[in-house]
Amino acid sequence: MINASYPALRLRRTRASAWSRAMHAETRLSPSDFIWPLFVTEGQGVEEPIRSLPGVSRWSVDLMVERAREAQAAGIPCLALFPNTQPDRRSDDGAEALNPDNLMCRAIRAIKDAVPDIGILTDVALDPYTAHGQDGLLDEAGYVVNDATIDVLIGQSLNQAAAGADIIAPSDMMDGRVGAIREALEEEGHANVQIMAYAAKYASAFYGPFRDAVGSGGLLKGNKKTYQMDPANSEEALREVALDIAEGADSVMVKPGLPYLDIVARVKHAFAVPVFAYQVSGEYAMLEAAAAVGAGDRDALVLETLMAFKRAGCSGVLTYHALHAARLLGA
Ligand code: PBG
């Protein structure tokens with residue numbers, strides 16, 4: 001019961017000085033809250049800037065190792081890797097996902113060799129490997145088939161785990177894939193490899209720059225609405241999360257981030273599990289565009305939005321601003 005009222009109670013009192021504001025902060029942001037998504041490309045010494053993601057580049061494996069060193073020095077615990085597969089290695093069945101020497105696996109091994117103590121999260125979905133840009137296998141009608149896709153996702157997960165991935169993150173939204181992947185990981189001796197399920201992943205317009213980055217954007221015809229969620233729904237998000245937890249997910253993700261913080265809060269409230277959010281490429285691009293036209297201070301915008309994820313209940317955030325934000329916080 002709050003009995004006091006103005007003027008005995010003045011909520012501005014604790015805000016009056018910096019030391020007091022620091023003492024009363026309910027949420028804290030630190031470099032260990034960030035997972036840094038990075039795009040890998042073929043070659044040696046290659047950096048390819050991504051036009052729709054200003055400030056973000058694809059890196060060849062050797063330079064990726066340097067990014068891992070920078071991340072570790074800044075206190076970032078984990079990287080999320082995505083490959084830009086060469087066009088001639090993309091096919092309708094996405095078979096390159098199963099190649100133990102694919103770009104992804106070479107990047108994982110190189111980072112684990114050079115920086116063994118940083119976590120590596122790998123995306124499981126076929127879109128960086130398919131010639132049609134969809135996350136799974138298509139039938140004659142162009143529908144993404146569920147169960148046959150799961151068989152390939154199992155192989156992709158085992159391939160990534162064998163290369164040294166620490167967290168398998170299925171982003172494909174097939175029904176039943178978390179349980180199937182968990183079972184396969186257990187059978188193949190990967191009991192400690194985690195699964196972070198992209199549990200509530202929406203069919204969003206905010207993924208455009210990412211698709212440019214992995215080179216699937218120009219290939220994709222249509223949309224992903226038969227498997228990714230309708231932005232209108234949140235009851236359904238709770239059902240997705242419940243299923244993924246029951247199937248053995250260690251943590252769950254909500255994606256995109258800022259427009260979906262209500263989902264984060266509901267999931268955190270309903271299930272006592274670690275919840276992560278992905279501040280996706282279009283959100284990053286939006287913040288950068290705002291800062292570029294002087295609509296706001298870049299550093300302040302970045303830290304405020306990242307704090308919002310923590311306040312909503314996130315254990316951490318996948319963000320392209322990870323290195324910059326970690327350095328700001330470390331300074
Ligand atoms: C692939 C995948 C996507 C993203 C992460 N994994 C794109 C998509 O589903 O089309 C988007 C990330 C971002 O936009 O930053 N399954």
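**Figure 1. Where helix α8 meets helix α10.** Leu 261, Val 264, Ala 265 and Lys 268 from α8 touch Ala 308, Phe 309 and Ala 312 from α10. Sorted by class, this contact has six nonpolar residues, no polar ones and one charged. Like every view here, this one comes from a predicted model. Helix α8 covers residues 261-270 and α10 covers residues 298-312; their axes sit 9 Å apart, at an angle of about 30°. Angles under 35 degrees count as roughly parallel, so that is the label for α8 and α10.

**Figure 2. Helix α3 alongside helix α4.** Here's another helix pair: α3 (residues 103-114) packs with α4 (residues 146-163) at an angle of about 25°, and their axes are 8 Å apart. These two helices are therefore roughly parallel to each other as well, and their crossing is right-handed. Which residues in α3 and α4 meet? On the α3 side they are Met 104, Cys 105, Ile 108 and Arg 109, and on the α4 side Asn 159, Gln 160 and Ala 163. Of the residues in this contact, four are nonpolar, two are polar and one is charged.

**Figure 3. Cysteines without a partner.** How many disulfides does a search of the whole structure find? The count is zero. Take Cys 78: the nearest cysteine sulfur belongs to Cys 314 and is 15 Å away. Cys 78 is buried, with a relative accessible area of 6%. A disulfide needs the two sulfur atoms within 2.5 Å. Cys 105 counts as buried too, at 0% relative accessibility.

**Figure 4. Helix α5 and what covers it.** Helix α5 runs over residues 177-187, and its buried residues are Arg 177, Val 178, Gly 179, Ile 181, Arg 182, Ala 184 and Leu 185. What covers them? The cover includes strands β5 (119-124), β6 (167-170) and β7 (194-201), along with helices α4 and α7 (235-246). Glu 187 is also in α5, but this residue is exposed, with a relative accessible area of 58%. The C-alpha atom of Glu 187 is 23 Å from that of Met 104, and the two residues are 83 apart along the chain. After α5 comes Gly 189, with a positive phi near 80°.

**Figure 5. Met 173, a loop residue with a positive phi.** Met 173 lies in the loop between β6 and α5. Most residues other than glycine have a negative phi. Met 173 isn't a glycine, yet its phi is positive, at about 65°. Is Met 173 buried or exposed? At 4% relative accessibility, it counts as buried.

**Figure 6. Two cis peptide bonds.** Most peptide bonds are trans. The bond joining Tyr 6 and Pro 7 is cis, with omega about 10°; Pro 7 sits in the segment before α1 (18-24). The bond from Lys 255 to Pro 256 is cis too, with omega near -5°. Where does Pro 256 lie? Look in the loop between β8 (251-255) and α8.

**Figure 7. Arg 51 in its loop.** You'll find Arg 51 in the loop between β2 (47-49) and β3 (57-60). Arg 51 is exposed, with a relative accessible area of 79%. Arg 51 and Leu 323 are 272 residues apart along the chain, and their C-alpha atoms are separated by 19 Å.

Note on methods:
Residues are numbered from 1 along each chain as its sequence is written. This is a predicted model: local features need pLDDT of at least 70, side-chain atom pairs count only at pLDDT 80 or more; totals for chains, interfaces and linings use all residues. Side-chain values use heavy atoms; hydrogens and water are left out. Axes are lines fitted to C-alpha atoms, for helices over the stretch in contact, and angles run from 0 to 180 degrees between N-to-C directions. Helices (H or I, at least four residues) and strands (E, at least two) are DSSP runs, numbered from the N terminus. Angles under 35 degrees count as roughly parallel, over 145 as roughly antiparallel, 65 to 115 as roughly perpendicular and the rest as oblique. A crossing is left-handed if the near helix is turned anticlockwise from the far one by less than a right angle, and right-handed if clockwise. Contact means heavy atoms within 4.5 Å. Ala, Val, Leu, Ile, Met, Phe, Trp, Tyr, Cys and Pro count as nonpolar, Asp, Glu, Lys and Arg as charged, and the others, Gly among them, as polar. Buried means under 20% relative accessible area, exposed over 50%, partly exposed in between (1.4 Å probe, protein chains only).
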